[in-house]
Structures are given as structure tokens and as C-alpha cells.
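I opened this model to see how the chain is put together. My notes follow in the order I looked things up.

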Amino acid sequence: RAMDLYRYKGTLCVLERSGVMKKAVLQGVHDMCEFEPRGVWPAGVEPKSQLVLIGRNLDQAFWGRLFEQTLDQALGKELKK
């Protein structure tokens, strides 16, 4: 499915095990991905992750499940089936 994913880019809010909220940028083309830490999440700014996918024939349900599973895993929950 990577060939159908032309480009993706977003800002991620990452909660470290220490409890510190960090900011990062995720971007890539097809299966080439770059993750860049950008320091501590700015004070007074609501934590929010946002990702834009550009491609063809993208299966919204598939990507939705993938993101939900990633979130569940990050929060220590069992993966959804």
C-alpha cells in the first residue's frame, strides 16, 4: 500500500514515559519516513496530533484502524481486532 501513499506530513504530540509532552514532525513519501523531534510541547497550546495523507485509493477504514491501534498501543491498551 506504500506506493498508493504519495505523501504524508503532520505534527505529533508525544507523551514520554517521564510524563513530558514533546512535539515532533512526521513526514514522508511512499515508504520513506522521517521523524523529527522538535522539543517540548509549547505551554498553553492544547496537545493535538494531526496527520495529512495524500494518495490514491486510500482505504479510510484501514488507515483509521491503524491509527487507533497505534494510539491504543501507545496508551498500553490491548490492540483492537
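Before the sheet, a term: I count two strands as paired if DSSP finds at least two bridges between them. The model is a predicted one.

**Entry 1: the overall plan**

I began with the secondary structure. I found 1 helix and 4 strands. Along the sequence, I read the pattern as β-β-β-β-α. I then looked at the extent of the C-alpha trace. Along the principal axes, the trace spans about 40 × 30 × 20 Å. The protein has 81 residues, and 16% of them count as buried.

I noted a general point for reading side chains here. In a regular strand they alternate between the two faces of the sheet.

**Entry 2: S1 with S2**

I took the pairs one by one. Strand S1 covers residues 5-15 and strand S2 covers residues 21-29. They pair in the antiparallel sense over 8 bridges. As a landmark, I marked Gly10, which stands opposite Leu26 in S2. The hairpin of S1 and S2 has 5 residues between the strands. In this hairpin, Gly19 takes a positive phi near 95°.

**Entry 3: S2 with S3**

How many bridges join S2 and S3? I count 7, again in the antiparallel sense. Lys22 stands opposite Val40 in S3. The hairpin of S2 and S3 has 2 residues between the strands. There, His30 takes a positive phi near 50°.

**Entry 4: Gln27**

I left aside neighbours within four places in sequence. The contacts of Gln27 are then Arg7, Tyr8, Lys9, Met32, Cys33, Glu34 and Glu36.

I next looked for a charge over a ring. The charged end of Lys23 sits over the ring of Trp41, 5.9 Å from its centre.

Then I moved to Pro42, in the loop between S3 and S4. Is Pro42 buried, partly exposed or exposed? Its relative accessible area is 34%, so I logged Pro42 as partly exposed. I also checked its distance to Met21, 21 residues apart along the chain. The C-alpha atoms of Pro42 and Met21 are separated by 8.8 Å.

**Entry 5: rings in the helix**

Last, I went through the aromatic pairs. The count comes to 2. Phe62 and Trp63 form an edge-to-face pair, 5.2 Å centre to centre with 80° between the planes. Why is the pair of Trp63 and Phe67 called tilted? Its planes are at 35°, so the pair is tilted, and its ring centres are 6.3 Å apart. The cut-offs behind that call are under 30 degrees for stacked and over 60 for edge-to-face.

I checked the spacing along helix H1 (residues 60-74) as well. Trp63 and Phe67 are 4 residues apart there, so about one helical turn separates them. Ring pairs link Phe62, Trp63 and Phe67 into a cluster.

Trp63 counts as buried because its relative accessibility is 15%, and the limit for buried is under 20%. Phe62 is partly exposed, with a relative accessible area of 23%. Phe67 is also partly exposed, at 38%.

Terms used. Residues are numbered from 1 along each chain as its sequence is written. This is a predicted model: local features need pLDDT of at least 70, side-chain atom pairs count only at pLDDT 80 or more; totals for chains, interfaces and linings use all residues. Side-chain values use heavy atoms; hydrogens and water are left out. Contact means heavy atoms within 4.5 Å. Buried means under 20% relative accessible area, exposed over 50%, partly exposed in between (1.4 Å probe, protein chains only). Rings of Phe, Tyr and Trp (its six-membered ring) pair if their centres lie within 6.5 Å; planes under 30 degrees apart count as stacked, over 60 as edge-to-face and the rest as tilted. A charge sits over a ring if NZ of Lys or CZ of Arg is within 6 Å of the ring centre and within 35 degrees of the ring normal.
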